[in-house]
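Open the model in your viewer and keep the selection panel at hand. We will go stop by stop.

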Amino acid sequence: MMKDFNKVFLDTAPLIYFLNANSDFRPKMTYILSCLTKNNSSLVTSVVTCAEYLVHPYRQKNIGAV
């Protein structure tokens with residue numbers, strides 16, 4: 001699976017599932033990310049993804065979560 005990809009764009013939702021340890025999706029994301037890193041694929045995202053991820057902790061005044 002995913003052997004032919006050398007650069008993969010990661011959207012916000014999958015990253016949030018992984019980073020926030022979502023019980024429904026984190027195991028799937030762990031598997032996908034593991035496959036991609038074993039294949040030495042470049043993982044990229046956008047500055048928009050970073051901003052979207054950071055909004056919730058900043059609104060909650062939970063800077064330590066970032």
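Predicted model: local features only at pLDDT ≥ 70, side-chain atom pairs only at ≥ 80, totals over all residues.

Residues are numbered from 1 along each chain as its sequence is written, and side-chain values use heavy atoms, with hydrogens and water left out.

**Stop one.** Select Ala21. It sits in the loop between helix H1 (12–19) and helix H2 (26–38). Helices (H or I, at least four residues) and strands (E, at least two) are DSSP runs, numbered from the N terminus. The phi of Ala21 is positive, near 55°, though Ala21 is not a glycine. Ala21 counts as partly exposed because its relative accessibility is 42%. Buried means under 20% relative accessible area, exposed over 50%, and partly exposed in between (1.4 Å probe, protein chains only).

**Stop two.** Select H2. Colour Met29, Leu33, Cys35 and Leu36, which are buried. Seen down the axis of H2, the buried residues fall within an arc of 155°, so they line one face. That arc is taken from the directions from the helix axis to the C-beta atoms. These buried residues pack against strand S1 (7–9), H1 and S2. Now turn to the face away from the buried side: Pro27 and Lys38 are exposed there.

**Stop three.** Select Asn40, in the loop between H2 and strand S2 (42–44). Its phi is positive, about 60°. Asn40 counts as exposed, at 67% relative accessibility.

**Last stop.** Is Ser41 buried or exposed? Ser41 is buried, with a relative accessible area of 9%. Ser41 touches Phe5, Asn6 and Leu36, leaving aside residues up to four places away in sequence. Contact means heavy atoms within 4.5 Å.
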